[in-house]
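Hi,

Here is the structure I promised to send over. Have a look at it first, and then read on for what turned up.

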Amino acid sequence: MARVLTPRAEDFPRWYQDLIAKAKLADNGPVRGTMVIRPAGYAIWERMQAEMDARIKAAGAENAYFPLFIPESYLKREAEHVEGFSPELAVVTHGGGKQLAEPVVVRPTSETVIGEFMAKWIDSYRDLPLLLNQWANVVRWELRPRIFLRTSEFLWQEGHTAHATRDDARAYARKILHEAYEDLMVNVMGIPVVVGLKTTRERFAGATATYTCEGMMGDGKALQLGTSHELGQNFAKAFDISYSSAEGGREHAWTTSWGTSTRMLGGLIMAHGDDNGLRVPPRLAPIQAYVMIVKAGDGVGEAAAKLRDALRDAGVRVALDDRTDTAFGRRAVDAELRGYPVRVEVGPRDLAAGNAVVVRRTDGSKAPTPVADVVGAVLAALEADQQALHDEALAHRRSRTVTVSTLAEAIEAAATGWAMVPWSAVGVPGEAEANGQGVTVRCLLRADGSVPDSEDEPDLTAILARAY
């Protein structure tokens, strides 16, 4: 295939930008830091939305919607929260041609406005838990924008819950972390994330604990793909989210928040993409099988349409490309760029022999296949390649992760991948030193790989890396 993209090994950031442009996934918006998500990119986001939404609802949360504009005074009620977000806020001071009596903030996240309404809606312990989620856009003014990874406006889901006890809140924050986020990322997106606890320095502003899903990208850097937060009673006290207990007393609730965003699209590109373009795991792909007419005539169009229908009847998300007025090579390059998991190429020569050619995006293999066997071959390829992409990403992560014993070794190792080092060898002073060299503590893990409750637990392992 003719070179279309800058090779990843030559210039990974340029490859990333090339892929987004050539695969027609997104474009820069008219205001610096904004983006336009094109249909090919939005189709993948819709699949992510559908899969995530189903998992969130299975965890008991209900979707709602809250305002884009938030009174500035709401953010000021939780001191750590407003301090953490102040540099990123977009503030509206005028509306309708007049100066507003109180400035309003364009939603950077919704803990404050949702907290205000939780306080109205919760009265008794019978109202708990209150489990809410919204799909929305948010604005965080970004100084160094990069499409999907860091933009001033992005799309996401944000969940917000209130519980009667700290244990219930912690259990729910972790339920979302594992059953919604980790499950989607591993089993649908094919990205083998590490799930751990953020340090105090890295946790969400206003949270008492932040849990994270970290993925390794193709260049060895880390990407935070989703977070779930315990908020303790910080927001409950700021907004008086309280309830009458079964014993008749008045208690403050315990709250959580959690979110994933269009950043997952950037993670998908950087975790699975290759020098020929995007590779979309079959369970996620909007188009799983792409039936292509190589050249018209000799019953090719009819045979291709029948294959499309047979694949659709078998439950495959399928599309037919019959644009024979465009060179086949150009169309094949575009299909590679967009990462369709399987192509079924139908041309006069192969059809005369009773075959179509099944092309697998993951390994590039091409197999002449009897027309009667195409559906079975496609189904088998989709299943195998879902696992293959995950396994390849896992092998990559393992090959670029080293275990070290000192902070200096960890910082050195982070130049090419991840370092696992005893947290006791890093600590708060060491974390600040690493940050000064562009390296962050991505998360903390227990010896058995499970998620700790606190960074003060003994024998924790820290993962250090450079990150997006």
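Helix 4 (79-85), strand 8 (153-163), strand 11 (222-230), strand 14 (254-261) and strand 22 (440-445) each give at least two residues to the lining of the largest pocket. Helices (H or I, at least four residues) and strands (E, at least two) are DSSP runs, numbered from the N terminus. This is a predicted model, where local features need pLDDT of at least 70, side-chain atom pairs count only at pLDDT 80 or more, and totals for chains, interfaces and linings use all residues. Residues are numbered from 1 along each chain as its sequence is written, and side-chain values use heavy atoms, with hydrogens and water left out.

Back to that pocket: its volume is about 1600 Å³. Of its 47 lining residues, E88, R140, R150, Q224 and R263 are the closest to the centre. By class, the lining has 15 nonpolar, 16 polar and 16 charged residues. (Ala, Val, Leu, Ile, Met, Phe, Trp, Tyr, Cys and Pro count as nonpolar, Asp, Glu, Lys and Arg as charged, and the others, Gly among them, as polar.)

On terms, everything is done on a 1 Å grid over the protein atoms alone: a cavity is a set of points where a 1.4 Å probe fits but cannot get out, a pocket is an open set with protein on both sides within 12 Å along at least five of seven lines, and lining residues have an atom within 4 Å of a point. Grid points are joined across faces, edges and corners, and a volume is the space filled by probe spheres set on the points.

The second largest pocket holds about 310 Å³ of space. It has 15 lining residues, with K24, R323, R330, D334 and R338 nearest its centre. Helix 10 (residues 328-338) provides the largest share of this lining, seven residues. The classes here are seven nonpolar, one polar and seven charged.

There is also one cavity of 30 Å³ or more, and the volume of the largest cavity is about 70 Å³. Helix 5 (111-121), strand 8 and strand 14 each supply at least two of its lining residues, with the largest share, four residues, coming from helix 5. Among the lining residues are S110, E111, H160 and T255. Five of the lining residues are nonpolar, six polar and one charged.

Now the helix packing. The axes of helix 2 (residues 39-58) and helix 6 (residues 166-187) come within 10 Å and cross at roughly 150°. (Axes are lines fitted to C-alpha atoms, for helices over the stretch in contact, and angles run from 0 to 180 degrees between N-to-C directions.) That makes helix 2 roughly antiparallel to helix 6, a label for angles over 145 degrees. On the helix 2 side, the contact (heavy atoms within 4.5 Å) is made by E51, M52, R55 and I56, and on the helix 6 side by Y172, E179, A180, Y181, D183 and L184. Six of these contact residues are nonpolar, none polar and four charged.

Helix 1 (residues 12-22) packs against helix 8 (residues 263-272) at an angle of about 115°, with the axes 11 Å apart. F12, W15, Y16, L19 and I20 of helix 1 meet G266, I269 and M270 of helix 8. That contact has seven nonpolar residues, one polar and no charged.

Two backbone details to finish. L128 and P129 are joined by a cis peptide bond, with omega about -5°, and P129 sits in the loop between helix 5 and strand 7 (130-139). D240, in the loop between helix 7 (234-239) and strand 12 (242-244), has phi near 55°, a positive value in a residue other than glycine.

Cheers

How values were computed
Angles under 35 degrees count as roughly parallel, over 145 as roughly antiparallel, 65 to 115 as roughly perpendicular and the rest as oblique.
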